Amino acid sequence: FFFLMIRRPPRSTQSRSSAASDVYKRQSNRRPCKKHRFLTYQMRSRRSKLTVAMVFLALTLLVCMSQAELRFVVQFNRHGARGPFPTIIDSPGWKQSQQLTPNGMRQLFMFGSELRRRYVKELQFLPEQFEPSVFFIRSTYLNRTIQSAQSLYLGLYPPGTGPSLDWNYPQNKAIPPGNGPFDFSNLQLEALPKLFQSIPIHTKGYREFEMLSWAREVCPATVRRFEERMKTDRFKKLEDEFRPMFKKLSAALGVPVEKINLKTANDVYDTLLMDHYEGMKLRLPYRGELWNSLAALYNVSQLLKDFDTRAEINWATTKQYQEMVALMDDVVADRSRFKWATFSCHDVNINLLLVSLNITSGDCVLQKHRDRITEPDEKCPFPAQIASNILFELHENDGKWTVRFFYEDQQYPLAGVRNLEYSKFRQILVDSYDPDFFGKCFEPVLPEGEPSNEGWGVLHVLLFIVLVLLAIALLSLVFVTLSKLGGAQKTSLPH
């Protein structure tokens, strides 16, 4: 106010008094206008901020709604590094064949640690401590797959995450029956030393399905089919294509060339690969030309030699798919508390899934070898290696369920879609079921051109009836003979 009184009057003003009065008039007229403008600006500013906040909130809600919630994961993993199978070359450095090695245990442990980082810590999908009702863990009956499952879960739930006793629980109650003595002084309240978490591992299916459909112990016809497949023109041409490599391999390993074929060459590569994993002295330069050719043959054979036609692939995946559908259906229908299912299995199980879902094929891998491409890509990944893994993620978004497929930590599309609707995914699996699975397990495999004996089943029935009749007749004869002998003894007794 004092500043306004002493400021210089406008030049157009004749006197100080009139100038001062004009200033007062202008000030009195402008004050409401400035206040109104300020309030208007403030209201507009608040409206703008409110609008921005509402838009931001709407976008946030839209993003949150568009993000599907992870509800269930099905995991397939191959066992870790193991001892080699018997083959045409010696393995002097190996004490036990086909058993999981310490390096193999470490491989699965590291993978379990990565799963813990991703699904426990980052996504907070799995609980911090193991809960049996959340997990279904299945393994084939072999030592290496059971130990691989144990090693994986030791990484997923390491020591320190296991259970402990209640502090007021009498520790002398937690001892087995017997005279002892039992020393539990070092355990304190730990249920197991270092809070180790024990893991339940099943060797039967979720609904008693068998996962080793390709094994000779389960389906004897598989071996016969393999032998017949090796005689086909396709595999003869494949063997001819790699025959120059067989000669080089013979010279490098000192093995007679006539002993090298598709099967023995694969076994040789398996042995060399296990030597590599264990840090043994290699008999071929690693990643050299001969090594890469042998690896290419191995990769192609892994995808072709076991199950070549679509019908064989469908037959071999039937039990795996039935088990997956059973687990996922229960989650979708809210009949299960499972969040995670693990299948500790073999390379054949992984490769069957890759080929069945059109993720890769033996033909594309063979073409890579012909083009001298030694690295996989999204269009043609290589088959299962040691400790390979597959993840099926089941997501739910406002009642809509989708499936995402991951192989070796990389997502691949299913039926051309990265987020496939579960109903469509389920139909793909169901359509591939073979209703005559067990019948084909034991059916004889006839050479090409040889007619099948349609009356073979009837002949078996007739033969069975004849054997039953003969057994009844024999038992009747024995009974009659014994009866006669008993009667004769009674008549000879003194009265």
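This is a predicted model: local features need pLDDT of at least 70, side-chain atom pairs count only at pLDDT 80 or more; totals for chains, interfaces and linings use all residues.
S3 pairs with strand S1 (residues 69-78) through 6 bridges, and the two strands run parallel. Within S1 and S3, Gln75 is placed opposite Thr342. Strand S2 (residues 135-139) is also parallel to S3, to which 5 bridges join it. Here Phe136 stands opposite Ala341 of S3.

## Nonpolar cores

The largest nonpolar core contains 67 residues. Those with the most contacts inside this core are Tyr119, Leu126, Phe135, Tyr153, Leu249, Leu294 and Trp340. Helix H9 (residues 289-304) contributes the largest share, 9 residues. Leaving aside residues up to four places away in sequence, Phe135 touches Leu126, Phe130, Tyr153, Leu156, Tyr157, Phe338 and Trp340.

Another core, of 33 residues, lies apart from the largest one; among its members are Met324, Ile350, Ala384 and Val403.

## Contact between helices H6 and H7

Helix H6 (residues 233-241) packs against helix H7 (residues 243-253) at an angle of about 50°, and their axes are 4 Å apart. The two helices are therefore oblique to each other. H6 contributes Glu239, Asp240 and Glu241 to the contact, and H7 contributes Arg243, Pro244 and Phe246. Of the residues in this contact, 4 are charged, 2 are nonpolar and none is polar.

Terms used
Residues are numbered from 1 along each chain as its sequence is written. Side-chain values use heavy atoms; hydrogens and water are left out. Axes are lines fitted to C-alpha atoms, for helices over the stretch in contact, and angles run from 0 to 180 degrees between N-to-C directions. Angles under 35 degrees count as roughly parallel, over 145 as roughly antiparallel, 65 to 115 as roughly perpendicular and the rest as oblique. Contact means heavy atoms within 4.5 Å. Ala, Val, Leu, Ile, Met, Phe, Trp, Tyr, Cys and Pro count as nonpolar, Asp, Glu, Lys and Arg as charged, and the others, Gly among them, as polar. A nonpolar core is a set of buried Ala, Val, Leu, Ile, Met, Phe, Trp, Tyr and Cys residues joined through side-chain atoms within 4.5 Å. Buried means under 20% relative accessible area, exposed over 50%, partly exposed in between (1.4 Å probe, protein chains only). Two strands pair if DSSP finds at least two bridges between them.
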